[in-house]
Amino acid sequence: MNINKSITLFQEAQTIFPGGVNSPVRAFRAVGGQPIFIERGEGAYLFDVDGNRYIDYVLSWGPLITGHAHPKVIEAIRQAALKGTSYGAPSPLEIDLARSIMDFMPNIEMLRFVNSGTEATMSALRLARAYTKRDKILKFDGCYHGHADMLLVQAGSGVATLGLPDSPGVPATVAADTLVANFNDLDSVEALFKKYPDQIAGIIVEPVAGNMGVVPPQPGFLEGLRAITSREGSVLIFDEVMTGFRVHRGGAQTRYNIKPDLTTLGKVIGGGLPVGAYGGRKEIMQMVAPLGPMYQAGTLSGNPLAMSAGIAALSLIKGEECWEKLEKAADKLVSGILSAAKHAGIPIQQTRVGTMFTTFFSETKPKDWNTVKVADKIRFGRFFQKMLENGVYLAPSQFEAGFISTMHTDDLIDKTIAAVTEAFRT
Ligand SMILES: *Cc1c(COP(=O)(O)O)cnc(C)c1O
């Protein structure tokens, strides 16, 4: 595989950007080698600057559920751009996108658009604290909620991938208000509520963990979080930035039938443009300025290009049939990986919920960060490189989710399974 142009570009990029990238995991540090520079995406494919083509299972880390450059999404962006790229004033597009989100997620009674998942989660936390007049928040080891100070504690994703300690630059006083429990472990949650009575503003959780690799909630876990927060007067925040429109058309809250107080969104709702949102119970959302006292603002929030892309993307995944197809395709893929591993005698743990999946090179069933982190990262790195050579682009870390789109046809999945079989064999 010739990647000469990528090599030259990466050398230059390293003189300009820290590590040569604008988001850490893109640097391929965990898998060796160096990042591939992309020229364009189309459907399920990425094309690099050297002319290599890859079946893409990263999909911009989740957002592109309708694949790259979907004609309907592109046309929506084009039409919007012709009318101006930003108004700094309300537009009807904001109402349209909000309505289609609320149709999918009826627990959201009122919402606010922001520009990224990070903004959504940090705003939702501020809101939970304003609403409860408490300072502490509870998160789970290995869950990632963006890079806001309070949330960058045992944070999964790139932090875990790079084996970083909790980030320097986060004030100890801020980190002290962030309590950490184990995913799928209600006892660890109860213990913290016991230790800090009437001090915990809310729990923030990825209802299906995706940023330590995909780890599904065990039966009763989400129900337990709902019961505990209700009892304790804390706010339950489902961070569905990844799972929203990925594990079900109504997100994890619909799939598992749990009513969070607040929901954070991002990724898919922007159709590939930068959008985030937080919303939920009206009683809580009424605290947000200018209706209430909790301040949060954004120059480009509700951006007309981003709203238009989101509206187009959500309209494309509205139908039940679409979800049946996505589930079937994702199931076919993971079944293929499992049987290839069995055949080759390679121990793996294959997880999947909806369109998110991870292949852990491990003999331990993944249930939280402690059981996930024992996975064989060296073996994963070798697998990753082999797949890349075979024309399949996976997330360059053992601790990330893979994604499929509506453009991943049966034929492409067969090709991927063939590539996996070949990689396992060698
Ligand atoms: C990606 C992600 C975020 C952060 O979103 P950005 O748009 O990268 O800021 C927050 N929470 C979860 C669950 C995510 O997957």
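Helices here are DSSP runs of H or I with at least four residues, strands are DSSP runs of E with at least two, and both are numbered from the N terminus. A word on the source: this is a predicted model, in which local features need pLDDT of at least 70, side-chain atom pairs count only at pLDDT 80 or more, and totals for chains, interfaces and linings use all residues. Residues are numbered from 1 along each chain as its sequence is written, and side-chain values use heavy atoms, with hydrogens and water left out.

Back to Phe424. Is Phe424 buried or exposed? Phe424 is buried, because its relative accessibility is 7%; buried means under 20% relative accessible area, exposed over 50%, and partly exposed in between, using a 1.4 Å probe and protein chains only. Setting aside residues up to four places away in sequence, Phe424 touches Ile337, Ala340, Ala341, Ala344, Ile346, Phe361 and Phe383. Contact, or touching, means heavy atoms within 4.5 Å. As for distance, 34 Å separates the C-alpha atoms of Phe424 and Val205, which are 219 residues apart along the chain.

The axes of helix H14 (residues 377–389) and helix H15 (residues 410–425) come within 9 Å and cross at roughly 130 degrees. Axes are lines fitted to C-alpha atoms, for helices over the stretch in contact, and angles run from 0 to 180 degrees between N-to-C directions. H14 and H15 are therefore oblique to each other. On the cut-offs, angles under 35 degrees count as roughly parallel, over 145 as roughly antiparallel, 65 to 115 as roughly perpendicular, and the rest as oblique. The crossing of H14 and H15 is right-handed; a crossing has that hand if the near helix is turned clockwise from the far one by less than a right angle, and is left-handed if anticlockwise. On the H14 side the contact is made by Phe383, Lys386 and Met387, and on the H15 side by Thr416, Ala419, Val420, Ala423 and Phe424. These residues divide into six nonpolar, one polar and one charged. For that count, Ala, Val, Leu, Ile, Met, Phe, Trp, Tyr, Cys and Pro are nonpolar, Asp, Glu, Lys and Arg are charged, and the others, Gly among them, are polar.

Next pair. How do H2 and H11 cross? The axes of helix H2 (residues 71–82) and helix H11 (residues 304–316) come within 8 Å, at a crossing angle of roughly 155 degrees. That makes H2 roughly antiparallel to H11. Their crossing is right-handed. H2 contributes Lys72, Val73, Ala76, Ile77, Ala80 and Ala81 to the contact, and H11 contributes Pro304, Leu305, Ser308, Ala309, Ala312, Ala313 and Leu316. By class, the contact of H2 with H11 has 11 nonpolar residues, one polar and one charged.

H7 passes H8 in a right-handed crossing. The contact involves Leu186, Val189, Glu190 and Phe193 of H7, together with Phe221, Gly224, Leu225, Ile228, Arg231 and Glu232 of H8. Here the residues divide into six nonpolar, one polar and three charged.

Now the backbone. Most residues other than glycine have a negative phi, and most peptide bonds are trans. Asn184 is not a glycine, yet has a positive phi of about 65 degrees. Asn184 lies in the loop between strand E6 (178–181) and helix H7 (186–195), and is buried, with a relative accessible area of 9%. Asn257, also not a glycine, has a positive phi of about 55 degrees. Asn257 is in the loop between helix H9 (251–255) and strand E9 (262–265), and is exposed at 68% relative accessible area. The peptide bond from Ala289 to Pro290 is cis, with omega near 10 degrees; Pro290 lies in the loop between helix H10 (282–285) and H11.

Last, the cysteines. How many disulfides does the structure hold? It holds zero, a disulfide being a pair of cysteine sulfur atoms within 2.5 Å. Cys143 is buried at 0% relative accessibility, and Cys322 is buried at 13%.
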